[in-house]
Amino acid sequence: MAQENGLFIYGIVPADVEPTPDAEGVGNPPGEVTAIRHGDLAALVSEVGLEEPMGRPADLTAYERLVDGTAAVAPVLPVRFGTVVTGADAVEDLLEAHHDRFAAALAELEDRVQYTVHGRFDEREFIGGFLAEDASAAALADQVRGRPEVESREQRIRLGEMIGQAVELRREAENRDLIDVVGRLAVANVPRQPSHEMDAVNVAFLVAVDDEDEFVQAVEDFAEQRRDLIRMRLIGPLAAYDFVSAHQLVE
């Protein structure tokens, strides 16, 4: 029995955007990426089997490579990973139904890209600094040091709560400082949820292409001032995932 195929949608772009001949989509083997157009818009799609499992690391990598690569040369509204429709008619219906909102959002993203700044506290450095500043926490640490976990369970729980609260407060402060320092070089910013209990900063910035170099330098300076305490990463340029997507406009 022949497998039924559908179309995996990657993103919405201006109608004049053409996929590169070597663009590869999701699936095994990777699908050929094409554009389906309607009015001023196009959707980047590739054919996939409707029964084919999605969500493998290679699929997510292919999706991100295509969407982020497109964002480097043209505005793109990412479509949620894993969105598959039955055929070209469904894609055209989507573009027609939301044409004006998609077009307006793409206009706002012209010559803008996302950068994400993510940093994580060095756990040993953070806890050492915290205990040096907080006498009650240091006293608890002395009480549990060298004692069996069973005997010191309550003290360990309390100490863990105090450290967790300190991390949260410092994280809020670091996010604010980051936005204060580099936010002036961005069009917009979105604080993101921490991905780890020791996260120090996690903020997405929408940056004008003309300001990229200055923005990157400002982030590097911010990171250098904290290099002993926070391991910082600058991720980008990316598509504007945290600022606008096709699903946000539809929903």
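Predicted model: local features only at pLDDT ≥ 70, side-chain atom pairs only at ≥ 80, totals over all residues.

Residues are numbered from 1 along each chain as its sequence is written, and side-chain values use heavy atoms, without hydrogens and water.

The open sheet has 4 strands in the order S7-S8-S6-S9, with antiparallel pairing. Strands here are DSSP runs of E of at least two residues, helices are runs of H or I of at least four, and both are numbered from the N terminus; two strands pair if DSSP finds at least two bridges between them. Strand S6 (residues 112-121) and strand S8 (residues 199-208) share 9 bridges, and Tyr-115 stands opposite Phe-205 in S8.

Helix H6 (residues 153-182) lies across S6, S7, S8 and S9, at about 20 degrees to S8. Angles run from 0 to 180 degrees between N-to-C directions, with axes fitted to C-alpha atoms, for helices over the stretch in contact; contact means heavy atoms within 4.5 Å. Helix H7 (residues 212-224) also packs on the sheet, touching S6, S8 and S9, and its direction makes about 165 degrees with that of S9.

Finally, which residues line the largest cavity? Among them are Ala-71, Arg-112, Gln-114 and Leu-238. A cavity is a set of points on a 1 Å grid over the protein atoms alone where a 1.4 Å probe fits but cannot get out, and lining residues have an atom within 4 Å of a point. S6 provides the largest share of this lining, 3 residues.

How values were computed. 1 Å grid on protein atoms, 1.4 Å probe; cavity = no way out; pocket = protein on both sides within 12 Å on 5 of 7 lines; lining within 4 Å.
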